[in-house]
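User: I would like to learn how to read a protein model feature by feature. Could you guide me through this one?

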Amino acid sequence: MSDRSDEPTQNSGQPFNSAASFRETDPPNPNWQLRQGLPDHVEPGKSWKAEEEKGWKTWNLSDISPREIYPLLTSCIVPRPIALVSSTSSDGIPNLAPYFSMVAHNPPLLSISFSHSPRTGKSKDTKENILATKQFTVSIVSEPFIEAANITTVDAPADIDEWDISGLTRSASIDVRPPWVKESAISFECELFHSYEIRPPNSDEVTNTLVLGLIKRTHIRESVLTASGTVDPAKLRAVSRLGGDMYARIGEGFELSRPPWTVIRGQVTSETE
């Protein structure tokens, strides 16, 4: 099921920029210090902090329909990593489709993948915690607090509190025990739905663990919501991860309407005759 319309997309009036728009810049807060959390004395952190006054809108996803969940989650979980997956059926029919980190909207699922270190054989603490307690939260990272989020990737011992060294703020969850990040505009309370141990072909060694989380509740800042109840990507200012140590911010976007088969059928069939 999709919330996408077959109606033609209305032009924005802004021409597509054919030149490469990506450029490398300083981080939002180049002078960020340990435990500083959100630098709310300078922009963009100052405005981001002020928008907390508008509060959050919270959804219990068990109370709304899959049709309502789909547009909500697809606007929340951004940027999403997308890959084109090519496959062939047993009858030899080819297929090509995009996939991303939002697994499903009915039930509402997200995924997290944990790699196992071949050098130390040590599992990620987060993975062990989720498997043991069956609960976790996921909070979307935005530009104003990216440095605080990045410091939590440090390979610290298990007894080091990443909340402490980051300076980020705990916000109490409703359905699960772990808190969510108050600085985040979007957070999900999750329960473990399933976990899968991944092994290379012809090997018994577990190299990765895939965790599927059932989203029980969603918290979204009122300030990033559109009039239709979805999330405005320009206001969310979500950050994506690239290769190496590179992060990216959302730059330009464009809409492409899904072409109805009734409209293009004649053109497609005439070209194959």
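User: Which residues touch the most other members of the largest nonpolar core?

Analyst: In soluble globular proteins, nonpolar side chains tend to be buried together. In this predicted model, the largest nonpolar core holds 36 residues, and those touching the most other members are Leu-61, Cys-76, Ile-186, Phe-188, Ile-220, Val-231 and Leu-236. At least two residues of this core come from each of α2, β5, β9 and β10. Helix α2 gives the largest share of the core, with 5 residues.

User: What does Leu-61 touch, leaving aside residues up to four places away in sequence?

Analyst: With those neighbours set aside, Leu-61 touches Ile-69, Leu-72, Leu-73, Pro-108, Ile-215, Lys-216 and Thr-218. Among these partners, Ile-69, Leu-72 and Leu-73 are buried residues of α2.

User: What covers the buried residues of α2?

Analyst: The cover includes the strands β1 (56-60), β4 (102-105), β5 (108-115), β9 (186-198) and β10 (208-221), together with helix α6 (233-236).

User: How should I describe the protein as a whole?

Analyst: The protein has 7 helices and 12 strands. Of its 273 residues, 30% are buried. Among contacts between residues at least 6 apart in sequence, 64% join residues at least 24 apart. The protein exposes about 17,500 Å², of which carbon and sulfur atoms supply 50%.

User: Where are the cis peptide bonds described here, and what is omega at each?

Analyst: Most residues other than glycine have a negative phi, and most peptide bonds are trans. Pro-44 belongs to the segment before α1 (45-50). Another cis bond joins Asn-106 and Pro-107, and omega is about 5° there. Pro-107 sits in the loop between β4 and β5.

User: Is Asn-202 buried or exposed?

Analyst: Exposed is the term for any residue over 50% relative accessible area. Asn-202 counts as exposed because its relative accessibility is 85%. Asn-202 lies in the loop between β9 and β10, and has a positive phi of about 60° although it is not a glycine.

User: Where is the pLDDT below 50?

Analyst: Where pLDDT is low, the predicted coordinates should not be read in detail. The protein averages a pLDDT of 81, and 82% of the residues score at least 70. Over residues 1-8, however, the pLDDT is below 50, and this stretch has 16 contacts in the model beyond near neighbours in sequence. Residues 82-88 also have a pLDDT below 50, with 20 contacts in the model beyond near neighbours in sequence.

How values were computed: Residues are numbered from 1 along each chain as its sequence is written. This is a predicted model: local features need pLDDT of at least 70, side-chain atom pairs count only at pLDDT 80 or more; totals for chains, interfaces and linings use all residues. Side-chain values use heavy atoms; hydrogens and water are left out. Buried means under 20% relative accessible area, exposed over 50%, partly exposed in between (1.4 Å probe, protein chains only). Helices (H or I, at least four residues) and strands (E, at least two) are DSSP runs, numbered from the N terminus. Contact means heavy atoms within 4.5 Å. pLDDT is the predictor's confidence in each residue, from 0 to 100. Accessible areas come from the Shrake-Rupley method with a 1.4 Å probe; for residues, only the protein chains shown count as cover. A nonpolar core is a set of buried Ala, Val, Leu, Ile, Met, Phe, Trp, Tyr and Cys residues joined through side-chain atoms within 4.5 Å.
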